[in-house]
Amino acid sequence: MADASVIVAQVIFGLIRGILLGCVFALIALGLNLVWGIAKVVNIAHGELVMLGAYGAYFLNLFLGFNPLLTAPIDAALGLAAGLGFYFAILHRELRGKEAITLQSEMVTLVATFGLSLAISNLANIAFTGNFVGIPFDAGSIEIGFLQIPLAGIYVAVLSVVIISLTHVLLNRTYLGNAIRAYSQDIPAAKLMGINPTAVAAIGTGLAFAVTMAGGAFLTTLFPTGINPYMGALYAPISYVIVVLGGPGRMWGSLVGGLTLGIVIDVGQIFLGVEIAYAVAFLLLIPVLLLRPEGILR
Amino acid sequence: MNFGRLLRSAPTLWGLAGFLVVLAVWGPWIPTFVLTLLINLLLFASLAYSMNFIAGLTGYVSFGHVVFMGTGAYAWGYVVGTFGWHPLAGIVAGAAVGLALALGIGSVALRFRGVYFAIATLVTALAARNIILVIPALGDGQGIILNLGFEPLTWFYTIWVILGIQVGLTYWVTHGRIGYGLRAIKSDEDAAKALGVDAARLKLFVFAFSGLFAGAAGALNVWTLSGVFPEPAFDLLFSLQMLAMVIIGGMGTLLGPLLGAVAVYLPHNYFLTVAVGAEFIVIGILVTFFALVVPQGIVGALRRYVPTLRGIIE
Amino acid sequence: MSQTSEPEPAPPASKAGRTKLIAIVVAIVVILVALAAAAIYYFRLGGPCATPASLSDGPATVANPAWTAAPVIQSPEPTDKAIGSPTQAGTITVGFTISLTGRYTVEGTNSLRGLNATESWINTHGGITVGGQTYDVRLKYYNDQSDSGNVNQLYTTLIQQDGAQFLLAPYSSALTTAAAPIADGQDRVMMSHGGAADTIWTSTNRVNLVEVLSPASSYLKGSVDWIKANHSTDRIAVIHESDSFSTLAAQSAITYARSLGLTVVYNASYPTGTTDLSTQLNAAKLACADALIGGGHFNDGLLIMNQLKTTWTPKFVSLLVAVTEPSFQAQLQATANKVLGPSQWESGVTYSPALAQTTGIDWFGPTPAEFTQLYGTLNAGASPSYHSAEAGAALLVLADAIRRANSLNTAAVRAALGTMHIMTFFGEFQIDSRGLQVAHSMVVVQWQAGALKIVQPQDVAESPVQYPYTGS
């Protein structure tokens, strides 16, 4: 590996792969970011949504032959329903009638979603068995020199960026978006403007879950195997780091955070090995929290 | 404070002490296969008390507490395996490393409130496991394999001592001036600071205890397993179980962690043979239920709904 | 949580002292009752309630009400046990835990099936004769959920409650490490069939733990030998899982390859549960490697093969564990062709009583064909994997050792194991003074046109190695 051109080729591959991965990470983190930013709730069961999205893609492929790109809208619809259900079953109790989210309700929802995460992943382990599965989806690849870049990865990365942009437009250019942002900034004021806080929070949560599950479906194209009941244990922490990096409530922040993490992991492991690359990616959170608690974008 | 007054003023403490004394006296006559169960039960109780120091007393929920267990375990494995220390000295080393790490992590992470603290501790635990995997002196991925014999009675009394100290410390911390400060921090940290509570120091103080005992318990755990392997030593499930025990038993209470440990650990055997795989589904649902409906846990609920118990259990 | 955060009023000490004292007593009683209930519940678990996990065809062992008993280790002599217990006279209980759920579900389940097969063979071939009396083998086991935290409790239960006279180790090195001290501490012979890490024996002193399979360090040696003999200029890349077994196997292979003068150009590890190795595979390709060896368990083996499709086509691929599983080929189809892997055993091995006779050692148990057939009969036509064979062989070797020792005494059986050199359907068995296996040899297999063929060593090969790997 002493040869410089070899290192350059590796870094190029790492960068490309990191960017593709980062876009999908960003989409997954966007789901967490929406709930975090809007309802001020950190969903510990976030990783389990990714897992369910991935399994959704897997089973639709297994039984109906859908490819993961086609599955994403179906997953999103399921996610929307799950999000609404989750809001009314769990969050509504805590958030109803509150003018601002206290630290205490924040911790209550944290712990409640932690319980859910345990229950869901272990239910999935019984329902789907613990075997790692994958979706045989090959959309061809393009060759750059002696490197091959799978096209499927490019598709999902582009789609992820499109979805993130659409979410940004939705939040900034539509009535619903204005209502959601108003709710997240000042609940009593939003109420005065005739906004129904319950509806806004419920729709926001549904939207977040939809995006997350679609992200889970996209993720399956980047990894040939690796769909398993406990995969959430990896993607949840990654999402936390991304959201903190980008700043909770900032949709573009997710993209920046996602790309940062993707590149740190995929370029980092060339020099440091997988283990340390992931350790660095995780620990990035600490200096960011210390130095720029609003996220690296500010 | 004379004996009778202390007895009357701290019934839960004396109840716990009585329970521990009964166990200690009974120890040598307990059949080995029950003793192994009790060792694990006390280990879980010890982990619960460790989590209680930080999550229960200050309201800072730590998702990465297993990092102290894991590093304590590796410290034990290293000094016992490489330097040939006595395993008991290894436990002290595990506790010391847990303490040092807690001071290190705590001085940074305790600046973050609520969710940020939870996430910061979680990523620290994940990173620590990955770092251990590439340290050749700690056996990298191979772990450390030891053979120190099968000594259930030694393990039992060791964990008994650790648990006893924790119960005493929990009582001391909750009933002194520190306790008032901690309760103030838990209900409103900014207000507490305004009133002159040195929040940063108090939090670090209890977090240090928390890390120390988790390190000791982690070291004992791998002693009973005769070897340290990265995956089991840093299994996040430990963190989650610690949290579940404290939430179910009652955050910040003296009796709660023990009740939580009994509730979480004892059914384990049932799940091993009968309802295989359902264990964490049940625990997860229980945790969600307690968080939303009975946030005070078993002990808090008893105090609230059974007035006669209010002055007795804590 | 908002409730517990309110400052607690200090209990007024002067008032209601008596009620409090009563309450203390009540609290202690409640705790003790809870503990007693838990204990009783637990005792019941060890008794007839646990039989869902039992394989016994005969009447279940009704445990003595042990909460009245002192912690006396049950004597391994069956005559003592027969009193007050309906256990069939003439049964030897072999206890073990096995992973039926968790990480090692597949390996654990296959091991158990192999044990069932050899148990059945022993019992239908006259059982084990000790002191002129014949005994049937009875297996007694619990599911350890692939978690070493369960091992202490389950093995002591097996010994004290279920009267296990001999033990088999659990699957995997970590669980075997945890179980082994019990064998020494409670004076039982323990046969290891799934704990391959050499360091279990080499780094500590064991007495009663006896290894039946080849140790981890020998897994990849066959592949390295082949490269040395046939393509000694091939550069080797090693990519392996960073768990106990795979690290040991891969690092031993690197040391061995270098000692033979081969070039190792790339070496990387990855943690358990990794889902992306394209960076490492690319790096190996860019390092101009010709051969890829390593891997870890089934999932990562599959991952490596899948990602090779889009990254690199090495000339030679040899992976741990995954390759020998039939589902490896079922999932990869043509991509699996020409992939090699080490195996402890395959149904096509040529061990036979005749071979044993030429070698000058004794033969015990079924032939490989008989074992495969018996296994199929018991498991709806399934064919045994090497995990089935190594577990089955562990029970056979134990049975033969008991027969040779002509005693059920732990020390006598362990002594017999130490001097034995025999051949079973699994291959040769002989251990060194530490209990480490020295005579068994592994084979190298390769998928060839959808069939798994033994390709190494030469004397048992069914077919020559097909080289190079082409990706389809």
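Select chain C to start: its secondary structure comes to 15 helices and 16 strands, where helices (H or I, at least four residues) and strands (E, at least two) are DSSP runs numbered from the N terminus. This is a predicted model, in which local features need pLDDT of at least 70 and side-chain atom pairs count only at pLDDT 80 or more, while totals for chains, interfaces and linings use all residues. Residues are numbered from 1 along each chain as its sequence is written, and chains are lettered from A and ligands numbered from 1 in the order in which they are written.

Stay on chain C and colour by burial. Of its 472 residues, 56% count as buried; a residue is buried if 20 or more other C-beta atoms lie within 10 Å of its own, exposed if 12 or fewer, and partly exposed in between, with C-beta atoms placed from the backbone. Among contacts in chain C between residues at least 6 apart in sequence, 68% join residues at least 24 apart; two residues are in contact if their C-beta atoms, placed from the backbone, lie within 7 Å.

Next, select the two domains of chain C. Domain 1 covers 50–56 + 75–214 + 346–441, and domain 2 covers 218–343 + 442–460; these bounds come from an automatic or database domain assignment. Their C-alpha centres lie 30 Å apart. The contact takes 15 residues from domain 1 of chain C and 14 residues from domain 2 of chain C. On the domain 1 side, the touching residues divide into 6 nonpolar, 7 polar and 2 charged. Here Ala, Val, Leu, Ile, Met, Phe, Trp, Tyr, Cys and Pro count as nonpolar, Asp, Glu, Lys and Arg as charged, and the others, Gly among them, as polar.

Now pick helix α15 (residues 410–419) of chain C, where Thr410(C), Val413(C), Arg414(C) and Leu417(C) are buried. Seen down the axis of α15(C), the buried residues fall within an arc of 100 degrees, so they line one face of the helix; the arc is that of the directions from the helix axis to the C-beta atoms. Their cover includes β6 (209–211) and α14 (386–405) of chain C.

Some backbone details of chain C come next.

- Ser172(C), in the loop between β4 (166–168) and α5 (173–185) of chain C, has a positive phi near 90 degrees and is not a glycine. Ser172(C) counts as buried, with 26 C-beta neighbours inside 10 Å.
- Cys288(C), in the loop between α9 (278–286) and β9 (291–295) of chain C, also is not a glycine and has a positive phi of about 65 degrees. Cys288(C) is partly exposed, with 14 other C-beta atoms within 10 Å.
- Pro457(C), in the segment after β16 (451–456) of chain C, is joined to Gln456(C) by a cis peptide bond with omega about -10 degrees.
- Pro468(C), in the segment after β16 of chain C, is joined to Tyr467(C) by a cis peptide bond with omega about -5 degrees.

Move to chain A and show chain B beside it. In this pair, 35 residues of chain A are in contact with 34 residues of chain B. The largest share of the chain A side, 16 residues, comes from α4(A). The residues of that side divide into 28 nonpolar, 4 polar and 3 charged.

Chain A averages a pLDDT of 87, and 98% of the residues score at least 70.

Methods:
pLDDT is the predictor's confidence in each residue, from 0 to 100.
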